[in-house]
Amino acid sequence: MQRAESTEKYGTWFSKGVTAEEVSLKCLFQIERCKTWITNLTTLKEEADQEVDAKKKEEIKKVLRSMTKEEVLALYEEQG
């Protein structure tokens with residue numbers, strides 16, 4: 001398997017002549033690294049989602065502040 005193909009498929013590459021034990025150990029290391037990355041990415045996504053939600057709320061508040069009380073009440077009643 002070519003280096004680029006191995007890296008695409010496994011996230012790492014294996015040199016020619018590598019032993020089965022070396023492959024097994026490297027796979028274990030790569031699995032643990034990926035678990036850490038998944039945890040970190042999940043946390044990062046949750047933080048980014050919270051930031052997006054906060055920005056959306058601020059945009060909604062800005063629009064609502066630009067409306068009269070009657071317009072806000074009418075909008076609320078429409079959604080009722």
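**A walk through a helical model**

The protein contains three helices and zero strands, and, read from the N terminus on, its elements follow the order α-α-α. The model is predicted, and its mean pLDDT is 94, with 100% of the residues scoring at least 70. Confidence is lowest in helix α1, which covers residues 3–10 and has a mean of 91, while it is highest in helix α2, covering residues 20–66, at 97.

The overall dimensions come next. The C-alpha trace spans about 75 × 20 × 20 Å along its principal axes, and the radius of gyration is 26 Å, whereas a compact globule of 80 residues would have one near 12 Å. Of the 80 residues in the protein, 4% count as buried, and the protein exposes about 7500 Å², of which carbon and sulfur atoms supply 59%.

We can now turn to individual side chains. A search of the whole structure finds one aromatic pair, and this pair is formed by Tyr10 and Phe14, whose rings lie 6.0 Å apart from centre to centre with 70° between their planes. The pair counts as edge-to-face because the angle between the planes is over 60 degrees. Tyr10 has a relative accessible area of 39% and is therefore partly exposed, and Phe14, at 22% relative accessibility, also counts as partly exposed.

Notes:
Residues are numbered from 1 along each chain as its sequence is written. Side-chain values use heavy atoms; hydrogens and water are left out. Rings of Phe, Tyr and Trp (its six-membered ring) pair if their centres lie within 6.5 Å; planes under 30 degrees apart count as stacked, over 60 as edge-to-face and the rest as tilted. Buried means under 20% relative accessible area, exposed over 50%, partly exposed in between (1.4 Å probe, protein chains only). pLDDT is the predictor's confidence in each residue, from 0 to 100. Helices (H or I, at least four residues) and strands (E, at least two) are DSSP runs, numbered from the N terminus. The radius of gyration is taken over C-alpha atoms; the globule rule is 2.2 Å times the number of residues to the power 0.38. Accessible areas come from the Shrake-Rupley method with a 1.4 Å probe; for residues, only the protein chains shown count as cover.
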